[in-house]
Every structure is written in C-alpha cells, then in structure tokens.
Amino acid sequence: MINNNVRGSQNSVSMDQKPDERVQSHRCELLDLPWEDVLVSHVFCHLPLRLLVSLQRVSKTFRSLIQVYLDNCRTFDPAQTGPHIPREAFCSILRHNQVLQHLSITNCSDWITDTDLLPVIGQNQQLQHVDLRGCAQLSRRALVSVSLSCPRLQHLSLAHCEWVDSLALRSLADHCPLLRSLDLTACRQLKDPAVCYLAGKCPELRALSVAVNANITDTAVEEVAKKCREMERLDLTGCLRVRNEAIRTLAEYCPKLQSLKVNHCHNVTESSLGVLRRRNVEIDVEPPLQRALVLLQDVVGFAPFINLQI
C-alpha cells in the first residue's frame with residue numbers, strides 16, 4: 001500500500017512537470033560525451049583543423065578539449081588551416097603531440113626553420129609520412145633529424161629542398177630501411193654516388209624522383225634498377241645525361257614498373273622506350289609518330305588521315 005502511494009506520488013509529480021522541464025532534465029550537452037572515446041575519436045576527426053582551433057576561444061573547457069584532440073592527432077596538414085599558418089600557431093598546436101604519423105609542412109615553407117621543426121620531429125618517432133617540399137630555410141640538420149628519429153619512415157618528400165646534400169641522404173639511407181617513396185626533385189647537390197648508396201640501402205623503394213638534376217647519369221639509374229627491383233614509379237624529368245642504356249637496364253630489372261617520366265631527357269629515344277610501352281608502362285612522352293601528328297595538327301589546324309597499315 002505504501003509502495004503504491006509512493007509510486008502514485010512520483011507519477012503525479014512527473015505529470016505535473018511542464019514539457020520543457022522534462023526535456024531539460026534529460027538534455028545531454030556536447031561536453032558531457034566522453035572526450036577521448038567519442039569526441040576525439042569519432043567527431044573531431046571529421047572536422048577541419050581550422051574550425052577546431054577556433055573552438056579553443058569558446059571557453060576554458062573547450063580549450064582543454066581541443067588540446068586533448070591535438071595531443072592525440074596522428075595527421076597534421078597546415079592546408080586545413082588555410083594558405084598560411086603563423087609560427088606561433090604551429091608551435092602551439094604540436095607542442096605536446098607525440099603520436100604523429102603524417103606530417104606536412106608545405107604551407108609553412110616561407111618561415112619554418114630547423115629551430116621550429118626539430119622539436120616536433122624529435123618527439124614523434126612514429127612518423128611514417130613527412131612532406132618538406134619547398135622548405136628552403138631548413139638545413140641538412142632537418143633531414144638528419146628525420147633519419148635518426150623516424151625509423152618507421154616510409155614516404156618522404158624533399159622536392160625543391162636544395163640544402164639536401166650527399167651526407168644527409170646517406171644518413172637517411174642508413175636509418176630508414178623501410179622507405180617506400182622519396183621525392184628528390186631539384187635537389188641539385190646530389191650526384192650519382194649518393195643515389196647509388198641510397199639504392200643499396202633501401203631496396204624496398206617503389207617510387208623515386210631525381211628530376212631536374214643534371215648531375216644524374218646512367219650510373220645512378222642503372223644502380224636503382226638493379227637494387228630496387230620493386231620500383232613502380234620513376235621520375236627522371238630533365239635528367240639531361242641519362243641515355244638509352246639506362247632505360248634498357250630499367251626495363252630488364254624492374255618488371256613492376258608502372259610509370260616513367262623522361263620528358264626533356266634528350267638522349268632517351270623510342271629505341272629504349274618502346275620495350276616499356278609494350279609492357280603498358282605509362283610514359284610521359286608520346287611516340288614519335290604521335291608527336292609528329294600533334295605538331296602537324298597544330299600547323300594545319302586539323303589531324304590528317306594516315307593509313308597506319310601501309
């Protein structure tokens with residue numbers, strides 16, 4: 001009897017509540033959700049970094065929450081924050097992060113120096129992808145730091161980093177045997193011996209660019225072909241001293257080759273490229289006949305009909 005009275009009393013109180021009050025009593029705020037298990041792992045990962053950084057201004061609690069996200073973020077790409085990111089913001093965002101796997105700083109190339117980058121590299125030994133394209137104010141110390149701190153490194157872009165020298169590249173080769181792709185476009189200090197050393201130490205390389213480097217000759221290309229049998233993409237654009245002999249060696253030793261760039265390699269002709277074309281390797285220069293037709297079309301304004309069966 002007493003239990004019935006109590007239950008009836010509770011029901012009467014519930015019925016007496018206004019609808020808004022009942023909704024208010026069951027309302028769940030965003031910050032009430034588990035931070036690391038829900039918000040960080042399943043919500044914030046889908047939001048642009050620019051928005052998350054701006055949320056830090058909402059309140060102290062939001063600032064703490066966003067810092068938890070940044071500390072556990074495995075990918076950092078400043079492109080998500082806009083065309084430029086200030087030095088202070090870069091240092092603040094990454095000051096406590098020790099779990100980065102992907103790091104791109106191309107949008108910081110105007111100002112970033114060794115002083116800014118080395119602390120980030122030193123505390124993130126799980127890095128697998130690093131993009132330093134166009135970072136002209138770095139020095140060889142940056143590459144040595146990457147080599148010594150990132151034994152799991154698989155993908156590295158150093159395009160247009162003219163400070164990359166042979167000693168720094170040797171350090172990379174010695175300490176990063178898992179390297180799969182390396183972009184050395186316009187790293188003009190590098191010569192054949194450094195590239196040969198790299199090929200011998202990193203046989204798992206699948207993508208390599210030594211484009212825009214007149215120092216590279218057949219010696220380096222042939223060594224890459226013989227030591228890196230898994231090679232799939234090779235960029236030799238503008239390597240003026242590479243000749244047909246190197247391309248034939250490449251065709252012989254690299255059965256998995258899918259893409260070859262030899263534009264502006266004036267000593268490479270169809271006599272060596274034809275073998276690769278028959279294997280459906282994608283090549284960035286057209287066969288001679290097709291090039292001639294394109295030029296003729298530009299001159300006369302239409303493509304002439306030619307019976308190729310003659």
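1. Let me start with Ile93, a residue of helix H6. Please keep in mind throughout that the model is predicted. Ile93 counts as buried because its relative accessibility is 6%, where the cut-off for buried is under 20%. Beyond the residues up to four places away in sequence, Ile93 touches Val53, Gln67, Leu70, Phe76 and Ile85. One of these, Phe76, is 17 residues from Ile93 along the chain, and their C-alpha atoms are separated by 9.3 Å.

2. Phe76 leads on to the aromatic residues. How many aromatic pairs are there? The count comes to two. In one of them, the ring centres of Phe76 and Phe90 are 5.7 Å apart and the planes stand at 65 degrees, so this pair is edge-to-face; the angle needed for that class is over 60 degrees. Phe76 belongs to strand E1 (residues 75-76) and Phe90 to helix H6 (residues 87-94), so the pair ties together parts that are 14 residues apart in sequence.

3. Trp111 has a relative accessibility of 15% and so counts as buried. Taken together, Phe76, Phe90 and Trp111 form one aromatic cluster.

4. The axis of helix H8 (residues 140-149) comes within 8 Å of the axis of H9, and the two cross at roughly 10 degrees. H8 and H9 are therefore roughly parallel to each other. H8 contributes Arg140, Leu143, Val144, Ser147 and Leu148 to the contact, and H9 contributes Leu167, Ala168, Leu169, Ser171, Leu172 and His175. By class, the contact of H8 with H9 has seven nonpolar, three polar and one charged residue.

5. H9 has a further partner in H10. How do the axes of helix H9 (residues 166-175) and helix H10 (residues 192-201) cross? They come within 9 Å of each other, at an angle of roughly 5 degrees, which makes H9 roughly parallel to H10. On the H9 side, Ser166, Leu169, Arg170, Ala173 and Asp174 take part, meeting Pro193, Ala194, Val195, Tyr197, Leu198 and Lys201 of H10. The residues in the contact of H9 with H10 divide into seven nonpolar, one polar and three charged. Within this contact, I would point you to Arg170 and Tyr197: the charged end of Arg170 sits over the ring of Tyr197, 4.3 Å from the ring centre.

6. What covers the buried residues of H10? The buried residues in this helix are Asp192, Ala194, Val195, Cys196, Leu198 and Ala199. Their cover includes H9, strand E5 (181-183), strand E6 (207-209) and helix H11 (218-227).

7. Two residues further along deserve a short note. Ser259 has its place in strand E8 (residues 259-261) and counts as buried, at 14% relative accessibility. Apart from its neighbours within four places in sequence, Ser259 is in contact with Glu232, Arg233, Leu234, Val281 and Glu282. Arg277 is in helix H13 (residues 270-277). With neighbours within four places in sequence left aside, Arg277 is in contact with Glu270, Ile283, Val285, Glu286 and Pro287. Between Arg277 and Pro287, 10 residues apart in sequence, the C-alpha to C-alpha distance is 9.2 Å.

8. Finally, some totals for the chain. The protein chain has 14 helices and nine strands. Of its 310 residues, 42% are buried. Among contacts with a separation of 6 or more, 72% are between residues 24 or more positions apart.

Key: Residues are numbered from 1 along each chain as its sequence is written. This is a predicted model: local features need pLDDT of at least 70, side-chain atom pairs count only at pLDDT 80 or more; totals for chains, interfaces and linings use all residues. Side-chain values use heavy atoms; hydrogens and water are left out. Rings of Phe, Tyr and Trp (its six-membered ring) pair if their centres lie within 6.5 Å; planes under 30 degrees apart count as stacked, over 60 as edge-to-face and the rest as tilted. Helices (H or I, at least four residues) and strands (E, at least two) are DSSP runs, numbered from the N terminus. Buried means under 20% relative accessible area, exposed over 50%, partly exposed in between (1.4 Å probe, protein chains only). A charge sits over a ring if NZ of Lys or CZ of Arg is within 6 Å of the ring centre and within 35 degrees of the ring normal. Axes are lines fitted to C-alpha atoms, for helices over the stretch in contact, and angles run from 0 to 180 degrees between N-to-C directions. Angles under 35 degrees count as roughly parallel, over 145 as roughly antiparallel, 65 to 115 as roughly perpendicular and the rest as oblique. Contact means heavy atoms within 4.5 Å. Ala, Val, Leu, Ile, Met, Phe, Trp, Tyr, Cys and Pro count as nonpolar, Asp, Glu, Lys and Arg as charged, and the others, Gly among them, as polar.
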